[in-house]
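Hi everyone, thanks for having me.

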Amino acid sequence: MSGWTHDLTLPEAIDFKGIVSRLTEDPLQVEHKGRLVVPVFIDEQAYITTMEAIDSHTLRIDGSGPHIPVLTQLKRRFRLSEPNPAQRLKATSLHAIVEQFGDERLVLDHSPFTALIRSIIHQQINLSFAHTLTERVFRTFGTVQDGIVLPPTPRQLALARREDLLALQLSGRKADYLLGVATAAIDYDGLATATDAEIAETLIALKGVGPWTVQNVLMFGYGRPDLFPASDIGILRAFERLLGFRPSVEEATRLAEEFAPVRSHAAYLLWRSIE
């Protein structure tokens, strides 16, 4: 199937350079000659696309595969078909952060399952080691296409042996958690039509999945707009820089009430403020 180019004009400005800066903190995210390399999955087939900003309102996308389905996936992941939620936060206590990072978007993970296994790997370890472990798992059990490491599907990860996961320096618990979510009889993509509560109820039943992981999957896997991981250490540190004191989890939850109904994007901006 031949390649194609699409210039996407947006009604609102986008800080694509800022988005790329954050995404490429992950070593699995590739930037080549100023263009962001983005794999898109259609029916488990990966198509490699590249994206670059032509100006503040235009993105150029070079892709392969079915044009409209690939473009639809990119718009979903980069939140390009909806108003920028930062506009709702200009009149809140985050106004200064909005001035700096407000033209960025919260970019979704490849899939809900990818967001789930990434969140499990990232539990209770520093970000640098989390990136290292994630790359090892993806490279070992996923696939490599055109030099790009693609995350494993549930089917691929289910074939892993526990000792293979331990060899990557995953803890025994996390090895068990990853195998558990990979072999669970759950249609992760099918949950996209469920409510937040229904998704949370399904995921929380999995071993190793707690509220923090569920919130991350809802935000980065399903794109739900009004989640706020108040217990996240990064969120608490960002509040400390913003307010001059570190709130408790309960206080952070109350502070976030002014950000409804776009608390997910508020969390993104808070993370950005300390990076």
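Let's begin with a question: is Asp7 buried, partly exposed or exposed? Before I answer, please keep in mind that we are looking at a predicted model. Now, the answer: Asp7 has a relative accessible area of 39%, so this residue is partly exposed.

Asp7 has a partner, and that is Arg60. The two form a salt bridge, and their closest N and O atoms are 2.7 Å apart. What I like about this pair is where the partners sit. Asp7 belongs to strand S1, residues 4–9, while Arg60 belongs to strand S5, residues 58–63.

How many salt bridges does a search of the whole structure find? The count is 17.

Let me show you a few others. Arg161 and Asp164 meet through their side chains, with 2.9 Å from N to O. Arg161 has a relative accessibility of 48%, which makes this arginine partly exposed. Asp164 comes out at 25%, and is partly exposed as well.

Next, find Arg246 and Glu240, whose side chains make a salt bridge at 3.0 Å, again N to O. Here Arg246 is partly exposed at 41%, and Glu240 is partly exposed at 32%.

Salt bridges can also join up into a network, and there is one to look for here. Which residues does it link? They are Arg22, Glu104, Arg272 and Glu275.

Now to the helices. Two packed helices are described by the angle between their axes and the distance between the axes. Take helix H9, residues 196–204, and helix H10, residues 211–220. They pack at an angle of about 130 degrees, and their axes are 10 Å apart. That angle makes H9 oblique to H10. As for handedness, H9 passes H10 in a right-handed crossing.

Another pair to compare is helix H4, residues 112–122, with helix H5, residues 127–141. Their packing angle is about 130 degrees, and the axes lie 9 Å apart. H4 and H5 are therefore oblique to each other, and their crossing is right-handed.

Let's turn to the backbone. Which peptide bond is cis, with omega near 5 degrees? It is the bond from Ala260 to Pro261. You can find Pro261 in the loop between H12 and helix H13, where H13 covers 263–273.

Asp43 has a positive phi of about 50 degrees, although it is not a glycine. This aspartate is in the loop between strand S3, 35–42, and strand S4, 45–55. With a relative accessibility of 75%, Asp43 counts as exposed.

Arg79 is the other one: its phi is positive too, about 55 degrees, and it is not a glycine either. Look for Arg79 in the loop between helix H2, 67–77, and helix H3, 95–101. Is Arg79 buried or exposed? Its relative accessible area is 15%, so Arg79 is buried.

While you have strand S4 on the screen, find Ala53, which is part of that strand. Ala53 is partly exposed, with a relative accessible area of 38%. The C-alpha atoms of Ala53 and Arg35 are separated by 8.3 Å, and the two residues are 18 residues apart along the chain.

Methods: Residues numbered from 1 in each chain as written. Predicted model: local features only at pLDDT ≥ 70, side-chain atom pairs only at ≥ 80, totals over all residues. Heavy atoms only, no water. Axes fitted to C-alpha atoms, helices over the stretch in contact; angles between N-to-C directions. Helix = DSSP H or I, 4+ residues; strand = E, 2+ residues; numbered from the N terminus. Parallel < 35°, antiparallel > 145°, perpendicular 65-115°, else oblique. Left-handed = near helix turned anticlockwise from the far one by under 90°. Salt bridge = Lys/Arg side-chain N within 4 Å of Asp/Glu carboxyl O. Buried < 20%, exposed > 50% of the residue type's maximum accessible area, 1.4 Å probe, protein only.
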